[in-house]
Amino acid sequence: MAAVLTPPVPSPVAEPAAVPRSRWAGWRGRWPLLPLIATVLLPALPYGNSGGGGPADVASGIAVLVCVGRLLYLRRRPLSAPAALVLGLPAVGFAVAAVTAADPAAALPGLVRYLQVFVLVPAAVVLLLKDAYGFRIVAGSLVLLAVVQGVTGVHQYVTGTGASYMGEDIRAVGTFGPSDVMGMATVVAYGLLAAAACALRTPRNAPAWLRPCAAVLTVALIVPLTLSFSRGVWIATAAAVLVALALTGRRQALTSLAVLGAAGVVLVGGFGIGSELIADRAASVTQVTSTPDRSVSDRYAMWNAAGAMWREQPAAGVGLKGFPDHRDGHASIGLSSGSDTAGAGQEFRRQALLSPHNMYLLVLGEQGLIGLTALVGSWAAVLVGAIRRLVLARSRGHAAVDCGLVAVALMTWQSVNFLYADIGGPTTVLGGVVLGLAAWWALAEPDRVSAA
């Protein structure tokens with residue numbers, strides 16, 4: 001009888017047992033994001049009000065060191081040629097302004113600060129973000145910071161424990177204090193834009209509650225943003241929201257605008273949240289010739305001073321950190337000696353006006369056409385690249401469109417806000433993180449960006 005051949009029974013040893021994956025396994029490869037998250041969250045500490053050298057700046061330095069260490073240890077290729085050119089271009093203007101300054105040693109701290117915010121931190125963000133998931137973690141940190149600061153700011157307005165405004169301690173400044181009245185408004189705007197982008201384009205496979213929560217947070221953050229009484233931040237946020245809506249489609253843009261408009265009417269008109277003060281504050285922007293707001297007239301006087309410095313040194317400017325020394329020689333006699341700050345736990349203090357509160361004019365006055373061309377050229381390349389990639393991602397149905405909306409909205413906000421503000425204070429380093437997020441979306445390799 002013929003033998004019947006049967007296939008051998010596989011040995012149990014040959015089939016490896018399925019090892020359950022730990023829910024923390026995915027985080028083990030993301031520990032380099034911790035310094036970035038700390039950089040985002042640490043400006044909320046009261047110690048950060050000292051300006052430079054606070055905990056957030058230390059965390060950003062650690063992020064840069066971690067980035068360098070990983071590049072050396074893993075022997076990874078650094079930035080691509082286009083990314084290195086775009087992010088490294090501003091360093092040329094910084095170096096020229098530092099070398100040509102009347103006192104190069106005095107300009108050295110400015111050189112370090114500019115390199116930190118506009119070159120090193122953005123490059124570290126681009127290199128440390130592995131995919132869209134890491135991008136969302138950092139953007140979520142911005143939302144968390146905004147919520148904490150927003151709640152603190154609303155409490156200050158309700159209880160009358162905020163910074164002094166129109167004779168009352170009602171200005172929402174969060175934990176940043178009256179010496180940095182733009183701090184809370186800045187971080188709330190960042191969080192509002194990140195939440196709005198998530199509500200407009202929720203990531204795929206996200207939990208069902210994420211979109212409604214993001215929409216509620218977007219509307220809720222309008223309250224502390226309004227109570228900050230920061231006109232420049234209002235304008236920048238409105239511009240960024242409009243750009244983001246325009247890139248999501250006509251129908252969704254109209255629906256979202258209607259919702260935001262209704263929310264504004266209810267919050268300001270229905271509940272009367274600072275309606276009269278808000279109207280007066282908004283109207284003061286154009287009141288320059290007749291009964292102008294002192295802060296407005298001072299700002300325009302400093303803008304004129306920065307322009308006069310540039311006309312005196314058109315190529316390289318008066319040097320980094322040179323605006324305070326040259327201010328009085330170029331400003332009109334109508335410029336006051338400083339601004340009054342008080343409230344939020346601080347006694348009355350006279351704060352000197354050491355910058356023109358316009359980043360473009362500050363760069364033009366201190367770094368001349370060389371510095372302004374390099375810096376604005378870099379930012380323009382990032383913004384245009386981010387918009388272009390977002391349009392392509394939306395047309396091809398990529399999963400990371402929400403990241404593109406966040407990047408474009410934040411970069412638009414930063415570009416517009418710099419018309420009314422410049423670097424300074426504990427939130428300065430966040431500008432580097434924002435620029436890094438936008439640069440990652442605009443300049444990173446396609447496979448890293450498209451990964452959900």
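In which handedness, left or right, does H10 pass H16? Keep that question in mind while we get our bearings, and remember as you look around that this is a predicted model.

Let's start with the whole protein. Of its 452 residues, 51% are buried. The protein exposes about 21000 Å², and carbon and sulfur atoms supply 67% of that area. Now think about how the chain folds back on itself. Take the contacts whose partners have a separation of 6 or more: 76% of them are between residues 24 or more positions apart.

Next come the helix pairs. Two packed helices are described by the angle between their axes and the distance between those axes. Who does the touching? On the H2 side you'll find Pro35, Leu36, Ala38 and Thr39, and on the H3 side Ala56, Ala59, Ser60, Ile62, Ala63 and Val66. Sort the residues in this H2 and H3 contact by class and you get eight nonpolar, two polar and no charged ones.

Now back to the opening question. Helix H10 covers residues 231–246, and helix H16 covers residues 401–417. The two pack at an angle of about 145°, with their axes 8 Å apart. And the answer is that H10 passes H16 in a right-handed crossing. H10 brings Gly232, Val233, Ile235, Ala236, Thr237, Ala239, Ala240, Val243 and Ala244 to the contact, while H16 brings Leu405, Val408, Ala409, Thr412, Trp413, Val416 and Asn417. By class, the contact of H10 with H16 has 12 nonpolar, four polar and no charged residues.

While you're at H10, look for Leu242, which lies in this helix. Is Leu242 buried, exposed or partly exposed? Its relative accessible area is 48%, so it is partly exposed; the exposed label needs over 50%. Leu257 sits 15 residues from Leu242 along the chain, and their C-alpha atoms are separated by 8.6 Å.

H16 has another partner to show you: helix H17, residues 428–443. The axes of H16 and H17 come within 9 Å and cross at roughly 135°, which makes H16 oblique to H17. Here H16 passes H17 in a left-handed crossing. Cys403, Gly404, Ala407, Leu410, Met411 and Gln414 in H16 meet Gly431, Val434, Leu435, Leu437, Ala438 and Trp441 in H17. The contact of H16 with H17 has nine nonpolar, three polar and no charged residues.

Now for some loops. Most residues other than glycine have a negative phi. Asn205 has a phi near 60°, a positive value. You'll find Asn205 in the loop between helix H7 (181–200) and helix H8 (210–220). With 81% relative accessibility, Asn205 counts as exposed. His357 also has a positive phi, near 55°. The loop that holds His357 runs between strand E4 (346–352) and helix H15 (359–396). At 27% relative accessibility, His357 counts as partly exposed.

Stay in the loop between E4 and H15, where Ser355 lies too. Is Ser355 buried or exposed? Ser355 has 15% relative accessibility, and buried means under 20%, so Ser355 counts as buried. Not counting residues up to four places away in sequence, Ser355 touches Met302, Phe323 and Asp422. The C-alpha atoms of Ser355 and Lys321 are separated by 9.2 Å, although these residues are 34 apart along the chain.

Our last stop is Pro324, in helix H14 (residues 323–330). Which residues is Pro324 in contact with, leaving aside its neighbours within four places in sequence? They are Leu354 and Glu366. Pro356 is 32 residues from Pro324 along the chain, with 9.4 Å between their C-alpha atoms. At 31% relative accessibility, Pro324 counts as partly exposed.

Conventions. Residues are numbered from 1 along each chain as its sequence is written. This is a predicted model: local features need pLDDT of at least 70, side-chain atom pairs count only at pLDDT 80 or more; totals for chains, interfaces and linings use all residues. Side-chain values use heavy atoms; hydrogens and water are left out. Buried means under 20% relative accessible area, exposed over 50%, partly exposed in between (1.4 Å probe, protein chains only). Contact means heavy atoms within 4.5 Å. Accessible areas come from the Shrake-Rupley method with a 1.4 Å probe; for residues, only the protein chains shown count as cover. Helices (H or I, at least four residues) and strands (E, at least two) are DSSP runs, numbered from the N terminus. Ala, Val, Leu, Ile, Met, Phe, Trp, Tyr, Cys and Pro count as nonpolar, Asp, Glu, Lys and Arg as charged, and the others, Gly among them, as polar. Axes are lines fitted to C-alpha atoms, for helices over the stretch in contact, and angles run from 0 to 180 degrees between N-to-C directions. A crossing is left-handed if the near helix is turned anticlockwise from the far one by less than a right angle, and right-handed if clockwise. Angles under 35 degrees count as roughly parallel, over 145 as roughly antiparallel, 65 to 115 as roughly perpendicular and the rest as oblique.
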